[in-house]
Amino acid sequence: MLYEMFFLSSVCRPVVAPRKSFPLWLVVLGVLGVLAVLGLIIGLLVHFLAVEVKIYYYQGSFKVLNIPYDRNYERETSLENNYLSKILEIKMVDAFQNSNIYKQYINSQIITLVPENNTVTAHIWLVFKDSWSNKKNLRRRIESILHQILENNSGPLTTDPGSLKLMEISKVDAEKIINNRCGRRPRMSATYDRITGGSTAHQGEWPWQASLRVNGRHYCGASLIGERFLLTAAHCFQRTNDPKNLTVSFGTRVTPAYMQHYVEEIIIHEDYVKGEHHDDVAVVKLTEKVSFRNDVHRVCLPEATQIFPPGEGVVVTGWGSLSYNGKSPLLLQKASIKIIDTNTCNSEETYGGRIKDTMLCAGYLEGNIDACQGDSGGPLVHPNSRDIWYLVGIVSWGHECGRVNKPGVYMKVTSYRGWIASKTGI
């Protein structure tokens, strides 16, 4: 019996279940699903390649002929540099805005000028937007328009179209180029907002603004003027001028600290006297270089001969009190004010002759809008015709904040341009 059972089991085969067949409707549904997914993928690719708008950055150069050699052309804040750059920028803006790619045009700037023997090489920076599929055609059109600009020598300048060079660069490289130039603002508010009577600044709007801190707490403003140097008021160091007690922070929030740096040296003007207002200027040297980025980089210093006339619009920024002896804001404040004539500011009802040639008044005689406590040392800035911002003044003193006939008083940066250069090399 055992033998039979073994024999039977050895010749048995496993039972194979009959193969199932899917209903036709389910097969059709599956095929349609696969086709739908493929269609979606293809559609997205077509949208990305042909419709999706991308930002493209370019840098290039060309030569301006018949210009006698002058080193001032390479100084980014010189009158010569700004004059020639302005002419070239107007030519580019007009040409691109009047072309058939005006909808793709975003920005164009002269970045640097390099004087050579009877020529000046202009280095340019361009930003456009277009679909990926039109990328090559866009570059050809840009080059064609630039050639037309350079071939048209009807104006005061002679340019060489054969010298044109243009290449696409990455967003990172494009930002580095701009952030290494002084006074550029990547983000700008649509209008000037009116510190006392002011309003909150946007992130990155005033990238040179710094906070001087004692034991981690804000007490004065400052302006970033170089990789390791800031400009501020001498009276900010009446309590302590020990670098070990000081740190510097950037950004728009006064706390927590952003991109904190340590101080190596404080250089106070040799003629400053504690408790007095003259020569109220100081340089702060950092232990390490600041890494420039979109929201933190330097402001331009004006030439000693540069003039900012009465009535000119300027902006003061800081984390100072919102009113005299009042509360201080967490976010950076900005206020649009105007330069006031020194004779007016020295009248009996204002400051009675206390305003020196090294000072300037800014604000409104009717009061309300003004710098205040905690804004000391901070920047008073002005944009030139190319929208490049210059440090006009340093918040110094005043009678309380926002009082009638008592506008803010600032150290005039042009008066100290030589002193700043002697201490910083800038």
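Eight bridges, or in figures 8, join E1 to strand E4 (residues 158-169), and the two run antiparallel. Strands here, like helices, are DSSP runs numbered from the N terminus (E, at least two residues, for strands; H or I, at least four, for helices), and two strands count as paired if DSSP finds at least two bridges between them. Within E4, Ile169 is the bridge partner of Tyr57. Strand E1 (residues 53-65) also pairs with strand E3 (residues 119-131), again in the antiparallel sense, over 13 bridges. There, Lys54 sits opposite Asp130 of E3.

All of this comes from a predicted model, in which local features need pLDDT of at least 70 and side-chain atom pairs count only at pLDDT 80 or more, while totals for chains, interfaces and linings use all residues. Residues are numbered from 1 along each chain as its sequence is written, and side-chain values use heavy atoms, with hydrogens and water left out. The pLDDT is the predictor's confidence in each residue, from 0 to 100; its mean over the chain is 88, and 85% of the residues reach 70 or more. Where pLDDT is low, the predicted coordinates should not be read in detail.

Back to the sheet. It is open, antiparallel and built from 4 strands in the order E2-E3-E1-E4. E2 and E4 are at the edges with a single partner strand each, so one side of each has no neighbour in the sheet. On average, neighbouring strands are turned by 20° against each other, direction ignored; axes are lines fitted to C-alpha atoms (for helices, over the stretch in contact), and angles run from 0 to 180 degrees between N-to-C directions. H3 packs on this sheet, touching E1, E2 and E3, with its direction at about 150° to that of E2. Helix H5 (residues 171-179) lies across E1, E2, E3 and E4 and runs at about 125° to E4.

Then there is the barrel: 6 strands close up in the order E6-E7-E8-E11-E10-E9, with antiparallel pairing. Its neighbouring strands are turned by 45° on average, direction ignored. Strand E9 (residues 246-249) and strand E10 (residues 261-268) are joined by 2 bridges, and Thr247 has Tyr262 of E10 as its bridge partner.

The largest cavity has a volume of about 50 Å³. On a 1 Å grid over the protein atoms alone, a cavity is a set of points where a 1.4 Å probe fits but cannot get out, whereas a pocket is an open set with protein on both sides within 12 Å along at least five of seven lines; lining residues have an atom within 4 Å of a point. Grid points are joined across faces, edges and corners, and a volume is the space filled by probe spheres set on the points. Helix H3 (79-97) and strand E2 (105-115) each supply at least two residues of the cavity lining, and E2 has the largest share, 4 residues.

Methods:
Contact means heavy atoms within 4.5 Å.
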